[in-house]
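Dear colleague,

I am handing over the structure we spoke about, and it is placed directly below. My notes on what was found in it follow after that.

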Amino acid sequence: MFDFRLRVFYTVAKRLSFTKAAEELFISQPAVTKHIHELEQQLGVKVFERIGNRIKLTVAGQIMLKHAETIFTTYRNLEYDINQLKSSQGGLLPIGASTTIAQYFIPPLLAKFHQRYPDVEISLIMGNTEQIEQALLEKNIELGIIEGKSKNPLLKYVELAKDEIVLVGNARHTYGQDDKLTANDLKQIPLLMREHGSGTLEVILDALSQLKLKPTDLNIAMYMGSTESIKSYLANSNCVAFLPLQAIKRELEAGDFKLLSMKNFSLVRKFHFIYLQGQQDKLAQHFIRFAKQNSPE
């Protein structure tokens, strides 16, 4: 009973909402309130305090949350080790992936993993690189997969795969028709870019800086929140964009988009797994090993 109360506490503490916790745990809100009240009676201290229509953790609640996270990591590792003895695999693994990876790279890999380990329940959230790193730091996920060069000292980075980013435009337009584009040419062409905080934007700007190009030198028409929105815009404009090659394969094959060559420019970035320094979550490490063995070169 205490274990379930701990789960109720942990869920409320992460969501800071009795209503959201009840929905996630498939119990009623009065039941959540009852479990928290009984837990506070057992501990002899309050773990939440109400401020207006919001709740926040007390000092005791913050201590409780820290230990609860350690306990649930131990539980997951216990389940992993027992399943290894039974030559089976199960458990819950929450993952976060930056937008391009979540849309184009990770779904086939997740399908292979699910086929091999059907009893492992994986949940996937999507955001830009900054958002995935923050979700990991807040322990809302156990494992992240990101693009870009961000290096937070609290996180461990493990290379997963490489990905080429190319300059692409609408096939109806004539940019680069006669020769490779130069850095000066790029200054004149309207350009679509991913939003600030995007790992894709980070690596593109870093690569362009090698050509002595700064963001202020570029004719940036718009910053957009996803590769899909950029693709849709490109199909109806005279803009160009730097996009992952694997994200535009269908459009290139259909003749809707065309690749634009640039002098002295090539961009191959790396995808990385990220997890908290010192993390010992065995199921997450198992997924990392599987992914590295099964991801495309």
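Please keep in mind throughout that this is a predicted model. The UniProt record, an unreviewed entry, places the feature "domain: HTH lysR-type" at residues 6-58. In the model this span is 62% helix and 15% strand, and its end C-alpha atoms lie 16 Å apart.

As for the chain as a whole, 48% of its 297 residues count as buried, and its secondary structure comes to 11 helices and 11 strands. The C-alpha trace spans about 75 × 50 × 35 Å along its principal axes. The domain assignment divides the chain into domain 1 (4-74), domain 2 (87-161 + 271-293) and domain 3 (163-270), and the centres of domain 1 and domain 3, taken over C-alpha atoms, are separated by 47 Å.

The whole structure holds 14 salt bridges, of which I describe a few here. Arg-15 and Glu-24 meet through their side chains at 2.8 Å, N to O; Arg-15 is partly exposed at 36% relative accessible area, and Glu-24 is likewise partly exposed, at 39%. Lys-34 and Glu-38 form another salt bridge, at 2.6 Å, N to O, and both belong to helix H3 (residues 29-43), where they sit four residues apart, about one turn of the helix. Arg-5 joins Lys-34 and Glu-38 in a network of salt bridges.

A further salt bridge links Glu-147 and Arg-269, whose closest N and O atoms are 3.2 Å apart. Since Glu-147 lies in strand E5 and Arg-269 in strand E11 (residues 267-276), the pair ties together parts that are 122 residues apart in sequence. Glu-147 is buried, with a relative accessible area of 1%, and Arg-269 is buried as well, at 3%. Strand E5 (residues 143-147) also contains Ile-146, which is buried with a relative accessible area of 0%. The C-alpha atoms of Ile-146 and Gly-127 are separated by 9.5 Å, the two residues being 19 apart along the chain.

Two strand pairings may interest you. Strand E3 (residues 91-98) is mostly covered, with seven of its eight residues buried, and it runs parallel to strand E4 (residues 120-127), to which eight bridges join it; within this pairing, Gly-96 has Ile-125 in E4 as its bridge partner. Strand E7 (residues 191-194) is covered on both faces, since Leu-191 and Met-193 on one side and Leu-192 and Arg-194 on the other are all under the 20% relative accessible area that defines buried. E7 pairs in the parallel sense with strand E8 (residues 220-224) over four bridges, and Leu-191 stands opposite Ile-220 in E8.

Finally, where does the surface carry a nonpolar patch? Ile-71, Tyr-75, Leu-78 and Ile-82 form one, with about 330 Å² of accessible area together. Ile-82 has its place in helix H4 (residues 59-85), and it counts as partly exposed because its relative accessibility is 40%.

With best regards

Key:
Residues numbered from 1 in each chain as written. Predicted model: local features only at pLDDT ≥ 70, side-chain atom pairs only at ≥ 80, totals over all residues. Heavy atoms only, no water. Domains from an automatic or database assignment. UniProt positions renumbered as here; feature names shortened; annotations may be inferred. Patch = residues over 30% accessible without salt bridge, like charges linked within 9 Å, V, L, I, M, F, W, Y side chains within 5 Å. Areas by Shrake-Rupley, 256 points an atom, 1.4 Å probe, with all protein chains shown as cover. Salt bridge = Lys/Arg side-chain N within 4 Å of Asp/Glu carboxyl O. Buried < 20%, exposed > 50% of the residue type's maximum accessible area, 1.4 Å probe, protein only. Pairing = 2+ DSSP bridges.
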